[in-house]
Amino acid sequence: HRPNDRKREALRCKMITAPKHQFLWLAIEKSHADAGEGVILEVAAALAEDDRGGDLSVVQEWSWAVDFPADIQVDEEVSLIHLNNGLIEEPDRVPLSHAEAVLAGVLGDANGVVLAGLTASWTLPWVKRHMPLLAAHIAHGVLDVGSLNRAAKAWHPEGFRAHYVKAGRALPKVHAALAAARHWRAAVGL
C-alpha cells in the first residue's frame, strides 16, 4: 500500500465505526435530589436524527416506570408531583436493570455518546451511580439544553421562549429537550 491508501483506509474504517447517533436524549424522575440517597423512579430516552443536517426528529424512544422498594422515602415535594401525574401509582414497572440493558444494547459498541436533555448535567451523576452499564457508553461532556435556556433568558429575556416541562413525566421532558435543541440549532443557523 502507498501512504495515501493507508490514510484513506483508516478514514473509511473510522467512518464505518462512528456512531450513527451522537446524542442519547435522556430524562429521569427520581426520589430525591441527591443521587447517593435517591432511587430512579422513571427513565425515558430517545435517539434522534442528530447528524449534520438532521432535523432532530425522533428515530426511536423508550419510557419505563421503574420498580423501587416499597420502603423508599420519596421527597415530599417529589411525591406530590408524581402522585398528581400518576407515576407513583403506575402499575407497569420494570427493574432499572432492564431499562439500562435496553439502552446500553441500543448503543452497542458506541462509546462517547453525549448525554443530552433539559438537565443532562444533573442526570449524568445519576446515570454513573445507578446505571453503570449505560454510563460506559456515555461521554464525559453533556448537552444540557436547560443551561442554554437559562443563558438565553438572562441574555435576551424578550426573545426567550421556554422549553421546559416542570412537573411532567420523563418522556415529555425528552420531547421538550428536543424541541429546545431544534430551536437553538435553528437560532444559530445550523
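The model is a predicted one, so local features need pLDDT of at least 70 and side-chain atom pairs count only at pLDDT 80 or more, while totals for chains, interfaces and linings use all residues. Residues are numbered from 1 along each chain as its sequence is written, and side-chain values use heavy atoms, with hydrogens and water left out.

The structure holds 3 of them, a salt bridge being a side-chain nitrogen of Lys or Arg within 4 Å of a carboxyl oxygen of Asp or Glu. One joins the side chains of Glu 29 and Lys 173, at 2.8 Å from N to O. This pair ties together distant parts of the chain, with Glu 29 in strand β1 (residues 23–30) and Lys 173 in helix α7 (residues 170–187), 144 residues apart. Helices here are DSSP runs of H or I with at least four residues, and strands are runs of E with at least two, numbered from the N terminus. Glu 29 and Lys 173 are both buried; buried means under 20% relative accessible area, exposed means over 50%, and partly exposed is in between (1.4 Å probe, protein chains only).

Arg 169 turns up in two salt bridges. With Glu 42 the N to O distance is 3.0 Å. Here too distant parts of the chain are linked: Arg 169 is in the loop between α6 (145–155) and α7, and Glu 42 is in strand β2 (residues 40–48), 127 residues apart. With Glu 90, the distance from N to O is 3.4 Å. Glu 90 lies in the loop between α2 (76–84) and β4 (93–94), 79 residues from Arg 169. Through shared partners, the salt bridges join Glu 42, Glu 90 and Arg 169 into one network.

Helix α3 comes next. Its 12 residues (96–107) should span 16 Å at 1.5 Å a residue, and the end C-alpha atoms are 17 Å apart, which agrees; the expected span is 1.5 Å times one less than the number of residues. Its buried residues are Leu 96, Ala 99, Glu 100, Leu 103, Ala 104 and Leu 107. Looking down the axis of α3, these fall within an arc of 125 degrees, so they line one face of the helix; the arc is that of the directions from the helix axis to the C-beta atoms. An α-helix has 3.6 residues a turn, so residues three or four places apart point the same way. After α3 comes Gly 108, with a positive phi near 55 degrees.

Now for the cores. A nonpolar core is a set of buried Ala, Val, Leu, Ile, Met, Phe, Trp, Tyr and Cys residues joined through side-chain atoms within 4.5 Å. The largest has 27 residues, and Leu 24, Ile 40, Val 43 and Leu 103 have the most contacts inside it. Two or more residues come from each of β1, β2, β3 (58–66), α3, β5 (113–117), α4 and α5 (132–135). A second, separate core of 20 residues includes Trp 25, Val 174, Leu 178 and Trp 184. Setting aside neighbours within four places in sequence, Val 43 is in contact (heavy atoms within 4.5 Å) with residues including Leu 26, Trp 62, Leu 103 and Ala 170.

In α4, the buried residues are Ala 120, Thr 123, Leu 124, Trp 126 and Val 127, and their cover includes β1, β2, β5, α5 and β6 (138–144). Thr 123 counts as buried at 2% relative accessibility. Apart from neighbours within four places in sequence, Thr 123 touches Leu 26, Ile 28 and Leu 115.

There is also 1 aromatic pair. Rings of Phe, Tyr and Trp (its six-membered ring) pair if their centres lie within 6.5 Å; planes under 30 degrees apart count as stacked, over 60 as edge-to-face and the rest as tilted. Phe 23 and Trp 25 have ring centres 5.9 Å apart and planes at 50 degrees, so this pair is tilted. Both residues, Phe 23 and Trp 25, are buried.

Finally, Leu 56 sits in the loop between β2 and β3. Its phi is near 60 degrees, a positive value in a residue other than glycine. Leu 56 is buried, with a relative accessible area of 4%.
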